[in-house]
Amino acid sequence: MSNPTQVHAIEALLSEERRFPPPPEVTAQANAQPGIHARAEADPLAFWQSWALQLEWFKPPEQILEWNEPFARWFADGELNASVNALDRHVQAGRAATVAFYFEGEPGDRWTVTYGQLLDDVCRFANGLRALGVKKGDRVAIYLPMIVELPIAMLACARIGAAHSVIFGGFSADSIVDRVNDSQCVALITADAGWRRGKPVPLKANVDEAFTKGMPSLQTVIVARRVGTPVDLVAGRDRWWDDVVRDQPSICEPERMNAEDLLFLLYTSGTTAKPKGIMHTTGGYLTGVTATHKLVFDLKATADVFWCTADIGWVTGHSYIVYGPLCNGATSVLYEGSPDYPAFDRFWEIVERYRVTILYTAPTAIRTFMKWGAEWPNKHDLSSLRLLGSVGEPINPEAWMWYRDVIGKGRCPVLDTWWQTETGSIMIAPLPGITTLKPGSATQPFPGIGVDIVNEAGATVAPPGGGYIVLTRPWPAMLRGIYGDPERYEQTYWSRFPHRYLAGDGCSRDTDGDYWFLGRIDDVMNISGHRISTAEVESALVAHPAVAEAAVVGKIDDVTGHAVCAFVSVRGDAVGSPELGKELREHVGRRLGKFTAPKYVTFTQELPKTRSGKIMRRLLRDIAEGRMLGDTTTLADSGVVAELQARAKAEAAKEE
């Protein structure tokens, strides 16, 4: 990404001039103080060791890192237990009555769960698992809605040394089969059903269907009651959660786990290959999530109410709903439903009710809130908020500013965070009190993290410039490989650039050393020899006042290689029309250069999204190319796709 045309496009991305230095009153009380980056860079191993030793260890580690590239072992002579760090030590410190979770169910049921109650529930369920024969080293699948039983199940597995593999509750039976069979799970924990926009999601029925496809390793299914829908229990295999915990004691001796023992598997989807079972171990992962949660979100455990709106089925929920917050003794919100049910102000009602101070959500959600309008958050008192976080994909500057101005009322720092399932914890993000914020930028690497931008040949791209983001040294929360497939791990992440981890994202770095993410490498289009990021074009489109949300893909073009194909939903009373399409093309051309203007603009009420809220650009590429569509089982609304196919076909016919 270093030729003159590419540099022109990157310069357009980096032309954002708004700056928000940290207010002195924030700096004065921030957990991260000036100089932390320099101290960590001077001795990264000592930095990480200092955070590791803040955990509770049965046997404190004396070793820090064993690096046999690309395989790392952190704190490998230490012994600890994740559930002890999340629960026992806080209870022993006199905080048993502190709220761990405010639970908010979609139907409106709600209750509080204290650290003392959570520890009792985890111990009872852990004892129940042991009674069923689940033991240290086993793998346990968890397929639950966003209810309190989900973190209980995870922590109970951790307590007895069984690795958990959480399967997102929106996944199909086939997804269950793939994940259970790959890791040879011996037990699966599910519920009768979950709630989604007022309708039950048939979780147990999906598990039963999965069994018809073959899951020979599974011996036990445990079913929690949530919705009350009737389910079929198979004798000798299926048990109600209530029966598993009945008469179990509230004390459960935790397993002494080596720091490098497997804590969990989390599967990520590939476009062609089978899902990859990302392995995370105990000591390094807990070190990473504890440090990042406390510093990035400036957590004050006795004062803050933290709400990460992700689903625990994804890594964001693992790290910043369960392990990071609980290890830090935080009070969090756990919400079962969607942001639009029963009304568009559900999130803001929750913020007001629980006096949430830190909100961590996705750009997709923020852009959706923009589309719905400021009147919904303006109905509620959001004055408790002091920090706003963004996660999941690059956030465009206009959404960043809307988030800051409408939700944060201009008071709250906006913390755009970059990381992955594979990294385990946040890699690049601002630190409140230290970092000058720039709309759309994730700013600086977290202390102790080594980052670079390289070109196709693997050479460092001097700022300002863009290319491939790589991580230059191991970090504690890094994946330990792909379950059962070390060769695939080496090939996927370490083969392209020797001695460097390829994250798979394009990124630019400005003269201040701040990072601006461009999206996945496969979301970069080659137009007449010019590499154009889909995220750049999307950001330009969303900056237009008529546009609520946009997704851009490259369509194969016989002349130019790729043509820019834009799918656009409009705001409020705006109407998608040929005139608006022309206006948007000119608007993008003015912002980024004429060669970036979309050749095709397709208007739609909704973009195809997964149930977790991510835009499915793979399907949009299929639609743009007129190909047969791939798997659509994870879509929140499959009807959107048929409508888009018809509109895109009509749009293409007009252009040709």
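Residues are numbered from 1 along each chain as its sequence is written. Because the model is predicted, local features need pLDDT of at least 70, side-chain atom pairs count only at pLDDT 80 or more, and totals for chains, interfaces and linings use all residues, while side-chain values use heavy atoms, with hydrogens and water left out.

Helices (H or I, at least four residues) and strands (E, at least two) are DSSP runs, numbered from the N terminus. Seven strands form an open sheet with mixed pairing. Their order is β13-β12-β9-β7-β8-β15-β16. Two strands pair if DSSP finds at least two bridges between them. The edges are held by β13 (238-240) and β16 (276-281). Each has a single partner strand, so one side of each is left without a neighbour in the sheet. From one strand to the next, the twist averages 25°. Axes here are lines fitted to C-alpha atoms, for helices over the stretch in contact, and angles run from 0 to 180 degrees between N-to-C directions.

Within the sheet, β7 (residues 139-143) and β8 (residues 163-166) pair in the parallel sense over four bridges. I142 stands opposite V166 in β8. Helix α8 (residues 173-183) packs on the sheet. Contact means heavy atoms within 4.5 Å. Helix α8 touches β7, β9 (187-191) and β15 (262-268), and its direction makes about 140° with that of β15.

Helix α11 (residues 282-296) has 15 residues. Its first and last C-alpha atoms are 21 Å apart, close to the 21 Å expected at 1.5 Å a residue. The expected span is 1.5 Å times one less than the number of residues. Of the 15 residues of α11, 14 are buried, so the helix is largely enclosed by the rest of the structure. Just after α11, D298 takes a positive phi of about 50°.

A nonpolar core is a set of buried Ala, Val, Leu, Ile, Met, Phe, Trp, Tyr and Cys residues joined through side-chain atoms within 4.5 Å. The largest such core has 136 residues. F125, Y323 and I469 have the most contacts inside it. Helix α7 (residues 149-160) gives the largest share of this core, nine residues. Apart from it lies another core, of 32 residues, among them F369, M401, W402 and Y403. Beyond four places in sequence, the residues that I469 touches include W418, I428, Y501 and F517.

The peptide bond from E69 to P70 is cis, with omega near 5°. P70 lies between β2 (65-68) and β3 (71-74). Another cis bond joins Y341 and P342, with omega about 5°. P342 lies between β18 (331-335) and α13 (346-354). R197, not a glycine, has a positive phi of about 50°. At 35% relative accessibility, R197 is partly exposed. T443, also not a glycine, has phi near 65°. At 0% relative accessibility, T443 is buried.

T604 lies in the loop between β30 (600-603) and α19 (617-625). T604 is buried, at 3% relative accessibility. Its side chain reaches the backbone oxygen of E606 at 2.7 Å.

Methods:
Buried means under 20% relative accessible area, exposed over 50%, partly exposed in between (1.4 Å probe, protein chains only). A polar contact is a pair of N or O atoms within 3.5 Å; within protein, one must be able to donate a hydrogen and the other to accept it, and residues adjacent in sequence count only if both atoms are side-chain atoms.
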